[in-house]
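Visitor: I'd like to learn how to read a few features of a model like this one. Could you take me through some?

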Amino acid sequence: MAAPVNTTDRLKHLRQLMASAKYNVAAYSEYVAACDERRPFISGFDGSAGCAVITPDAASMFTDGRYFLQARQQMDDNWTLMKRGLPGVPTWQEYLTDHLPAGTRVGIDPTLLSAEEGASLKKALNARGNGDLVAIEENLVDIVWGSQRPLRPQDKVFIHDVKYAGESHTDKITRVRAGFERLDTDGLVVTALDEIAWLFNLRGSDIDYNPVFFAYALVTKTDVTLYIDDAKLDSSVRSHLQGIRTRPYSAIFGELDALSASLVQKKRKLLAGQTASWALVKALGEGNVKVDKSPINMLKSMKNPTELDGMRQCHIRDGAAMANYFGWLEHELLFNGGHLRLSEVDVADKLEALRRAQEHCVGLSFDTISSVGPNGAVIHYSPKRGSDALLDVNKMYLCDSGGQYLDGTTDVTRTYHFGTPSAWERECFTRVLKGHIALDRAVFPSGTSGYALDPLARLPLWELGLDYRHGTGHGVGSFLNVHEGPQG
């Protein structure tokens with residue numbers, strides 16, 4: 001893994017801005033575009049989960065067990081790693097409210113914090129003397145980043161054909177509206193990018209590995225508005241969206257503010273999903289919005305027959321690519337001099353080429369985790385050319401990879417040893433296999449949660465005093481995000 005980024009000057013500049021703005025702390029919180037990778041820029045840590053809290057005299061990174069090893073390797077000595085979930089380690093919210101001086105004012109970009117978190121944190125800070133949560137109009141990290149910050153993507157969106165989606169976007173909108181009466185709401189503010197892509201049968205490329213695009217949407221009983229930059233729409237997409245109002249991406253804040261007066265007058269509310277930002281809820285007025293689970297999240301998770309068939313078919317093609325890959329890899333390592341010559345990135349590139357040769361493949365569903373020996377213990381390891389390890393037939397090789405296809409999304413992990421594994425390696429591998437078999441053989445009543453089934457997969461490992469610091473499984477989108485909720 002590459003050497004840690006030196007963050008001394010970046011933190012110094014940020015703290016100068018914090019002091020001039022009279023805020024004591026800056027806090028910044030799974031998938032972003034390069035222009036939004038503020039945490040990696042300021043800290044060096046680029047895992048998909050984490051929150052940086054920076055005070056005048058400390059910089060703390062809060063992350064979970066998937067990233068303990070990676071964060072420690074990527075951050076320099078300016079940072080303290082806060083290992084979330086371990087005894088005695090506070091959450092970043094507890095750190096702000098319980099471990100900082102009374103009266104602390106926390107500055108945050110309100111577009112990066114959910115409304116629920118914002119309300120809870122503001123209440124807790126207010127309860128401690130004159131502490132407060134303060135919305136900063138211009139992100140301070142962006143100022144430090146300056147002209148080096150990547151531009152926001154402006155790639156065109158494209159239609160996800162109904163032959164892959166299995167349902168028209170107009171029918172989906174009708175189903176969403178059908179729930180308004182039960183939810184006692186006049187409309188829905190949609191902020192999750194995968195929900196917007198699913199609802200309108202559109203896909204994009206604004207975020208690496210995820211076919212989504214920057215947009216907001218507002219669905220009411222009478223109108224539908226898609227907030228998206230005009231440059232991202234071509235004539236075919238405009239025709240596809242006939243009957244749907246389009247407005248500039250940033251126009252949603254002003255339009256929600258204008259809408260708030262009529263909601264007050266009618267004593268009605270809009271529904272916003274739990275990912276809705278503090279900024280959006282502030283624009284609409286906290287009394288005019290009900291923050292709850294988005295109905296689209298559940299509708300999207302229940303795959304229709306077309307999506308189910310697409311998932312099966314894309315896995316057949318993806319499986320062919322994987323079989324070709326491991327056949328090639330074994331030959332290269334054992335018979336063609338690949339041992340200690342081929343690197344983790346070399347072989348990951350070969351796998352990508354084999355995947356892209358498959359019908360309907362659009363690209364990868366995440367950065368391939370191609371890891372040799374101890375690198376396999378870094379849960380979301382991402383090899384970088386020049387610092388990646390060489391493949392060694394005497395060490396285990398873990399490959400976690402996936403593809404994006406027009407008819408589905410894949411995520412496949414395989415662990416190989418091309419030499420003679422040790423007794424301990426065989427024991428650990430067998431314990432993981434036993435957990436898979438136990439989970440596969442489980443018979444359980446309808447309504448049983450994934451949380452209740454999770455111990456079946458872990459029990460063989462627990463018997464040896466072992467465990468893994470991540471979930472046992474996750475949902476997968478249909479040509480959408482490789483991690484899809486709701487989780488069980």
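Guide: Buried means under 20% relative accessible area, exposed over 50%, and partly exposed in between (1.4 Å probe, protein chains only). One caution: this is a predicted model, where local features need pLDDT of at least 70, side-chain atom pairs count only at pLDDT 80 or more, and totals for chains, interfaces and linings use all residues. Residues are numbered from 1 along each chain as its sequence is written, and side-chain values use heavy atoms, with hydrogens and water left out.

Visitor: Where does Gln154 lie, and with which residues is Gln154 in contact?

Guide: Contact means heavy atoms within 4.5 Å. Leaving aside neighbours within four places in sequence, Gln154 is in contact with Asp229, Ala231 and Lys232. Gln154 sits in the loop between helix 6 (140-145) and strand 7 (158-159). Helices (H or I, at least four residues) and strands (E, at least two) are DSSP runs, numbered from the N terminus.

Visitor: Next, cores. Which residues touch the most other members in the largest nonpolar core?

Guide: A nonpolar core is a set of buried Ala, Val, Leu, Ile, Met, Phe, Trp, Tyr and Cys residues joined through side-chain atoms within 4.5 Å. Here the largest has 52 residues, and Phe200 and Leu226 touch the most other members. Helix 10 (residues 193-200) gives the most to this core, with six residues. Beyond four places in sequence, the contacts of Phe200 include Ile173, Val224, Leu226 and Ile244.

Visitor: Is helix 10 mostly covered or exposed?

Guide: Mostly covered: eight of its eight residues are buried, among them Asp194, Glu195 and Trp198. Just after helix 10, Asn201 takes a positive phi of about 50°.

Visitor: And helix packing: at what angle do helix 17 and helix 18 pack?

Guide: Axes are lines fitted to C-alpha atoms, for helices over the stretch in contact, and angles run from 0 to 180 degrees between N-to-C directions. Helix 17 (residues 423-441) and helix 18 (residues 450-462) pack at about 155°, with their axes 7 Å apart. Under 35 degrees counts as roughly parallel, over 145 as roughly antiparallel, 65 to 115 as roughly perpendicular and the rest as oblique. Helix 17 and helix 18 are therefore roughly antiparallel to each other.

Visitor: Which residues of helix 17 meet helix 18?

Guide: Arg431, Val432, Lys434, Gly435, Ala438 and Leu439 do, and on the helix 18 side they meet Leu453, Leu456, Ala457, Pro460 and Leu461.
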